[in-house]
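Hi,

Here is the structure I promised to pass on.

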Amino acid sequence: MLAKMMDRPLLISSLIAHAARWHGDQEIVTRTIDGPNHRYTWAEAEIRAKKFAQALQRLGVQQGERIGTLAWNTNRHVEAYYGIAGMGAVTHTINPRLFPEQLEYVVNHAEDTYLVIDTTFVDLVANLLPHAPKVKGVIVFAARDAMPDISRLRNPICYEDLIDGETGAMDWPVFDDNSAAALCYTSGTTGNPKGALYGHKSTIIHTLCEIAPDCMNLSARDAVMPVVPMFHVNAWGIPYATAAVGTKLVLPGRHLDGKSIYDLLTSEKVTFTAAVPTIWMMLLAHMNEIGGRLDDLDRVVIGGSACPRAMMEAFQNDYGVQVLHAWGMTEMSPLGTLNTPKAKHLDLPDVAKVDLQQSAGRPLFGVDMKIVDEEGRTLPNDGVATGELKVTGPWIIADYFNLDQKAAAHAEDGWFSTGDVCAIDPDGYIWITDRLKDVIKSGGEWISSIDLENIAVGHPKVAEAAAIGMPHPKWDERPLLVVVKTAKGQDLTKDEVLAYLDGKIAKWWTPDDVVFVEDLPHTATGKLSKLQLRERFKDYVLPTAS
Ligand code: AMP
């Protein structure tokens, strides 16, 4: 028997329609590329998104066609998100930090027909176009009088001119909510980037779970600033979640340094923000320097890489901001787990509460997970056994976009292999040890590179640290710790680092050597690139190995 309920498709356009209708006066504030902050409302944003949708229709863009964006977190990018998906096309957010050959690959693989870009990316796109024959035109996010030199662009179109020619008087089209809405490629540390193609329905379900109390706990009383870029898994879904509840939305544009982030957080009274640890390292350093305060900020989501304990303690103890440690992947829209306590944890001593926060959190409703051994056998959720994490759920990719063959990650029907190694405790909290390919294998046992790094950065003279396994004749691999010193900690020595680790890790985890470098390599999404680091150290021999 079928239910007697309305069969309304779950479309992304309904989010901005809701925000415009019921939170129409709520502000969206953007730090512009060079000028003062831009301010308008969700109601104005929806009209402009509709105008952009009409303009795309006029350009002949069809349902399912991919439109690439190369843009920072701005109101125009929000308009493009809704305009493109709302008219039935697919928003392909492109990470401008990809290497040129990867950029070329993703634009061609996605078969983008138009690129919508910020003025900062004109040169990047001009260099790309000769290798991207399917791109018909480039829409530049600028007013006519602020257009940069576009002579090298194919069929350049001024965004403000384009939407000026439209009325905005339209109803959002209604179509199957299993249609594709957005496309994001993984940063591809090995091989070519792979595309995750999100749908309307999957995005709405993800949004509903994201706003829930044990997740981001968003409400119409929040002022939300996604620092995580809109080209990195849709800024973790925040442009959708904020519309769903009608929060104030604050967008930092291209200004991601500690001072700019601090100024915007305080001047716009931001209550909720989210980004990877690298951003927060810059913010904390800036606040330390100027004696800053965060009186309005209530919660900060930290994910994308493990959040070091020292960072958590700084936010919570020094600034009174609750840290929400989260884990997810491009392939998961991206949320998988988020760390909030259960009732039984509320009376724990403070130190034990921070101990629990070292976990990347527990599964949100909608995501199921298990860990398996090398033969694919399910391991117990006892907090001790570690294995590869597999996930399943309605906002997790069933397949990559247009891949010739099924990826190894989908070898088991109905499950996606994450490539992350973790333990799951009986309460569902996951304890990530490493990426499967980064774990250090010493004498048949595993050493967590993430744990070594996180403990090392707790040393006040360590700015950043990376641990990699180096070949060893007896143990197979032994850890090498590569350290970047802070500006004020230039006198740091190997012995000081090892003494600091002593007692915080098992003796046999102690790195066989500590090497100091000026900088560490990062991927396009700001994560440590172990691949490049191993390449840099390929001729290095541990003192214990000779
Ligand atoms: P991406 O698809 O670029 O978002 O990368 C996803 C990967 O980032 C995951 O598979 C993890 O390896 C890593 N990651 C994300 N969040 C965390 C976290 N909280 N702790 C450790 N690793 C994380």
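His-200 is buried, with a relative accessible area of 0% in this predicted model. This histidine sits in helix 7, which covers residues 200-210. Leaving aside residues up to four places away in sequence, His-200 touches Leu-10, Leu-11, Ile-12, Ala-85, Phe-175, Asp-177, Ser-179, Ala-180 and Ala-181.

Ile-33 is another one to click on. You will find Ile-33 in the loop between strand 1 (27-31) and strand 2 (37-41). Although Ile-33 is in a loop, this residue counts as buried, at 18% relative accessibility, because the cut-off is under 20%. Which residues does Ile-33 touch, not counting those up to four places away in sequence? They are Trp-72, Asp-118, Thr-119, Thr-120, Arg-254 and His-255. For a sense of scale, the C-alpha atoms of Ile-33 and Ala-89 are 27 Å apart in space, and the two residues are 56 apart in sequence.

Next, helix 4, which runs over residues 100-110. Its buried residues are Gln-102, Leu-103, Val-106, Val-107, His-109 and Ala-110. An α-helix has 3.6 residues a turn, so residues three or four places apart point the same way.

Most residues other than glycine have a negative phi, and most peptide bonds are trans. Here are the ones I would look at:

- Trp-236 is not a glycine, yet its phi is positive, about 55 degrees. Trp-236 belongs to helix 8 (residues 233-236) and is buried, with a relative accessible area of 7%.
- Asn-402 is not a glycine either, and its phi is positive at about 45 degrees. Asn-402 is in the loop between strand 18 (387-392) and strand 19 (416-424). Is Asn-402 buried or partly exposed? Partly exposed, with a relative accessible area of 48%.
- The peptide bond from Ser-333 to Pro-334 is cis, with omega near 10 degrees. Pro-334 is in the loop between strand 14 (322-328) and strand 15 (335-338).

Last, the overall layout. The protein is divided into domain 1 (13-255), domain 2 (363-434) and domain 3 (440-536). I looked at how domain 1 meets domain 3. Their centres, taken over C-alpha atoms, are 38 Å apart. In the contact region, 8 residues of domain 1 meet 5 residues of domain 3.

The size of an interface is often given as the accessible area lost when the parts come together. Between domain 1 and domain 3, the buried area is about 570 Å², and carbon and sulfur atoms give 65% of it. How many salt bridges cross this interface of domain 1 and domain 3? The rule finds 0. As for polar contacts across the interface of domain 1 and domain 3, the rule finds 1 residue pair, both at pLDDT 80 or more. On the side of domain 1 that touches domain 3, the residues divide into 2 nonpolar, 5 polar and 1 charged.

Over to you!

Notes. Residues are numbered from 1 along each chain as its sequence is written. This is a predicted model: local features need pLDDT of at least 70, side-chain atom pairs count only at pLDDT 80 or more; totals for chains, interfaces and linings use all residues. Side-chain values use heavy atoms; hydrogens and water are left out. Domain bounds come from an automatic or database domain assignment. Contact means heavy atoms within 4.5 Å. Buried area is the accessible area (1.4 Å probe) that two parts lose on being put together, summed over both. A salt bridge is a side-chain nitrogen of Lys or Arg within 4 Å of a carboxyl oxygen of Asp or Glu. A polar contact is a pair of N or O atoms within 3.5 Å; within protein, one must be able to donate a hydrogen and the other to accept it, and residues adjacent in sequence count only if both atoms are side-chain atoms. Ala, Val, Leu, Ile, Met, Phe, Trp, Tyr, Cys and Pro count as nonpolar, Asp, Glu, Lys and Arg as charged, and the others, Gly among them, as polar. Buried means under 20% relative accessible area, exposed over 50%, partly exposed in between (1.4 Å probe, protein chains only). Helices (H or I, at least four residues) and strands (E, at least two) are DSSP runs, numbered from the N terminus.
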